[in-house]
Amino acid sequence: MKKLLSLILAGTALTLALPASAQFAKAEDAVKYRKNALFVMQQNFGRVAAMAAGKAPFDAKVAAESAAVAEFVSKLPWAGFGPGTDKGDTKAKPEIWTDKAKFDDYAKKMEAEMTKLAAAAKSGNMDNIKLAVNATGGTCKSCHDDFRAK
Ligand code: ASC
């Protein structure tokens, strides 16, 4: 019984650890994985940003749900930037791999701002949502400026 429990716990730990250490069958899959994660994040962030900019009607429930999804998905793209994934159908600049510490720092900052945005959206306060959208968008932009080819 104890053995079964430790097996289950080990299995759970492995599953939870997967995103950060995800291995891909081929580099092309890693590129697709990170692009799709960034796309899903952007679609959800963009929905909230459109409300903050007055380009879409404010729907507090949709904003809260979208920001929560964006926050979760913001943790996923990085597993797709492993060694050897700098080639192919990608705008990722080589500096991502030569200046990894800076790239990782940008990633962490974006995740942190997404968390603040999710909290703001959950509270439903539009002034806070606007501030958080701007701060989060700023972290998207600075990383794109340095690490994404035009
Ligand atoms: C988006 C998106 C970005 C950021 C950026 C904010 O919705 O796709 O890259 O916001 O434009 O400045």
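The legends below describe close-up views of a predicted model.

Local features were taken at pLDDT of at least 70 and side-chain atom pairs only at pLDDT 80 or more, while totals for chains, interfaces and linings use all residues. Residues are numbered from 1 along each chain as its sequence is written, and side-chain values use heavy atoms, with hydrogens and water left out.

**View 1. The protein chain has six helices and zero strands.** Helices (H or I, at least four residues) and strands (E, at least two) are DSSP runs, numbered from the N terminus. The order of elements from the N terminus is α-α-α-α-α-α. Of the 150 residues in the protein chain, 30% are buried; buried means under 20% relative accessible area, exposed over 50%, and partly exposed in between (1.4 Å probe, protein chains only). Contact means heavy atoms within 4.5 Å. Among contacts between residues at least 6 apart in sequence, 74% join residues at least 24 apart. The protein chain has an accessible surface of about 9400 Å², and carbon and sulfur atoms account for 63% of this. Accessible areas come from the Shrake-Rupley method with a 1.4 Å probe; for residues, only the protein chains shown count as cover.

View 2. The buried residues of H2 include Ala 30, Arg 34, Ala 37, Met 41, Phe 45 and Val 48. An α-helix has 3.6 residues a turn, so residues three or four places apart point the same way. Just after H2, Gly 54 has a positive phi of about 75°.

View 3. A polar side-chain atom of Gln 42 lies 3.3 Å from a ligand oxygen. For Gly 137, a polar backbone atom is 3.5 Å from an oxygen atom of the ligand. In the side chain of His 144, an N or O atom is 3.3 Å from an oxygen atom of the ligand. Taken alone the ligand exposes 310 Å², and the protein buries 59% of that area.

**View 4. Thr 139 lies in helix H6.** Thr 139 counts as buried because its relative accessibility is 13%. Its side chain reaches the backbone oxygen of Thr 136 at 2.6 Å. Not counting residues up to four places away in sequence, Thr 139 touches Lys 109, Met 110 and Glu 113.

**View 5. Asp 86 lies in the loop between helix H3 (60-73) and helix H4 (95-98).** Asp 86 counts as partly exposed because its relative accessibility is 31%. The side chains of Asp 86 and Lys 87 make a polar contact (3.5 Å). A polar contact is a pair of N or O atoms within 3.5 Å; within protein, one must be able to donate a hydrogen and the other to accept it, and residues adjacent in sequence count only if both atoms are side-chain atoms. The C-alpha atoms of Asp 86 and Ile 96, 10 residues apart along the chain, are separated by 8.4 Å.
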